[in-house]
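This briefing is intended for a reader who has the sequence and the model at hand.

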Amino acid sequence: MSDDADPRSAALGTEGLSKHFGGIVAVDEVDLAVESGELRAIIGPNGAGKTTLFNVVTHALAPTSGSVYLDGEDVTDVPQERRPHLGLARSFQSNELFAELSVLENVRVIAQTAADGTFSFSLLGDGRAVRADEARDILARVGLSEHAETEAKNLSHGDQRRLGIAMAIATEPSVLLLDEPTSGMGPGESRETVELVQSLQDDLGLTVLMIEHDMEIVLSVSDRITVLNRGSVLATGTPDEIQGDDDVQDAYLGGVREEL
Ligand SMILES: Nc1ncnc2c1ncn2[C@@H]1O[C@H](COP(=O)(O)OP(=O)(O)OP(=O)(O)O)[C@@H](O)[C@H]1O
């Protein structure tokens with residue numbers, strides 16, 4: 001089982017994408033073809049290369065070899081800071097939030113920075129009205145309106161994750177990368193976050209690539225799932241296909257069941 005589509009014409013494609021750390025092959029010749037509007041989960045055991053794959057797709061790390069395509073354009077060598085202008089965004093991590101700024105300001109600053117291409121301190125102080133309505137709309141979409149004036153550092157863990165997604169949305173992406181969006185959340189908060197991701201996919205037509213460990217979530221929300229093992233793609237398919245795949249059962253799902 002593999003991607004049928006051509007990476008070069010997919011919403012997000014990779015071809016022969018590899019990342020080596022000295023002798024460690026963290027990502028090994030990965031081909032992906034994520035179609036427009038698809039929600040694709042990336043799963044695999046610890047150390048399978050999921051985070052490194054994200055890092056080379058966003059160019060947080062330069063790949064050792066291979067190519068990355070966005071809507072048919074080869075963006076392999078486009079630096080990370082230019083990726084938002086191509087329509088690729090990754091949710092901001094808690095340590096990337098402006099801790100002392102309000103939730104609204106965090107989103108507003110990113111929206112304006114994405115529109116202008118550069119960050120300016122004039123956005124604070126007198127520039128506060130700039131893009132405030134847009135930021136409020138985004139906060140309503142992610143369910144953070146009531147915390148608009150709260151400093152980011154005072155948000156709960158789950159709300160900080162939500163703010164990280166809101167900031168990614170503020171760059172108006174067509175492809176959104178989410179790295180374990182429900183990690184550290186209880187069942188109720190996880191469910192809300194999954195519903196948020198689905199609504200972003202449906203309402204904004206986003207293509208979503210999501211690393212997620214919770215198999216119940218993965219099987220219920222994904223259009224397709226790619227299983228990584230030791231840096232390589234073991235299988236790609238629908239949730240039903242992946243559950244029925246013997247290689248996946250042996251390498252991954254079986255292991256998970258034994259652990260439980
Ligand atoms: N900066 C680095 N330097 C050296 N080795 C690294 C580096 N980053 C990752 N690795 C190695 O690359 C391999 C893949 O790691 P990666 O973190 O991408 O896996 P993962 O699937 O995201 O794991 P997890 O589910 O535990 O987060 C591992 O063997 C890891 O030790």
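**A hairpin turn and its setting**

Strands β4 and β5 form a hairpin with two residues between them, and aspartate 71 in the turn has a positive phi of about 50°. Helices (H or I, at least four residues) and strands (E, at least two) are DSSP runs, numbered from the N terminus. This is a predicted model: local features need pLDDT of at least 70 and side-chain atom pairs count only at pLDDT 80 or more, while totals for chains, interfaces and linings use all residues. Residues are numbered from 1 along each chain as its sequence is written.

**Overall content**
- The protein has nine helices and 10 strands.
- Of the 260 residues in the protein, 42% are buried; a residue is buried if 20 or more other C-beta atoms lie within 10 Å of its own, exposed if 12 or fewer, and partly exposed in between, with C-beta atoms placed from the backbone.
- Among contacts between residues at least 6 apart in sequence, 67% join residues at least 24 apart; two residues are in contact if their C-beta atoms, placed from the backbone, lie within 7 Å.

- Most residues other than glycine have a negative phi.
- Aspartate 71 lies in the loop between β4 and β5 (73-74), and it is partly exposed, with 17 other C-beta atoms within 10 Å.
- Histidine 59 is not a glycine, yet it has a positive phi of about 70°.
- The loop that holds histidine 59 runs between α1 and β4 (65-70).
- Histidine 59 counts as partly exposed because it has 19 C-beta neighbours inside 10 Å.

**The four-stranded sheet**
- Four strands form an open sheet in the order β2-β1-β4-β5, with antiparallel pairing; two strands pair if DSSP finds at least two bridges between them.
- The edge strands of this sheet are β2 and β5, each of which pairs on one side only.
- Seven bridges link strand β1 (residues 12-21) to β2 in the antiparallel sense, and threonine 14 has leucine 32 in β2 as its bridge partner.
- Helix α1 packs on this sheet, where it touches β1, β2 and β4, and its direction makes about 65° with that of β2; axes are lines fitted to C-alpha atoms, for helices over the stretch in contact, and angles run from 0 to 180 degrees between N-to-C directions.
- β1 is also joined to β4 by five bridges, and these two strands run antiparallel; serine 18 stands opposite serine 65 in β4.
- β4 and β5 run antiparallel and are joined by two bridges, with glutamate 73 in β5 as the bridge partner of leucine 70.

**The six-stranded sheet**
- An open sheet of six strands has the order β6-β7-β8-β3-β9-β10, and its pairing is mixed.
- Its edge strands, β6 (88-90) and β10 (232-237), each pair on one side only.
- From one strand to the next, the twist averages 20°.
- Strand β7 (residues 175-179) and strand β8 (residues 207-211) run parallel and are joined by five bridges; leucine 176 stands opposite valine 208 in β8.
- Helix α1 lies across β3 (39-43), β6, β7, β8 and β9 (224-229), running at about 150° to β7.

**The shell around the ligand**
- The residues around the ligand include Phe21, Ile24, Asn46, Lys50, Thr51 and Thr52; a residue is near a molecule or strand if its C-beta atom, placed from the backbone, lies within 6 Å of it.
- The elements that give two or more residues to this shell are β2 (24-34) and α1 (50-57).
- The largest share of the shell, three residues, comes from α1.
- By class, the shell has four nonpolar, six polar and one charged residues; Ala, Val, Leu, Ile, Met, Phe, Trp, Tyr, Cys and Pro count as nonpolar, Asp, Glu, Lys and Arg as charged, and the others, Gly among them, as polar.

**Domains and their contact**
- The domain assignment gives domain 1 (1-87 + 174-260) and domain 2 (94-172); these bounds come from an automatic or database domain assignment.
- Nine residues from domain 1 and 11 residues from domain 2 take part in the contact.
- Helix α6 (residues 187-204) gives four residues, the largest share of the side of domain 1 that touches domain 2.
- That side of domain 1 divides into six nonpolar, two polar and one charged residues.
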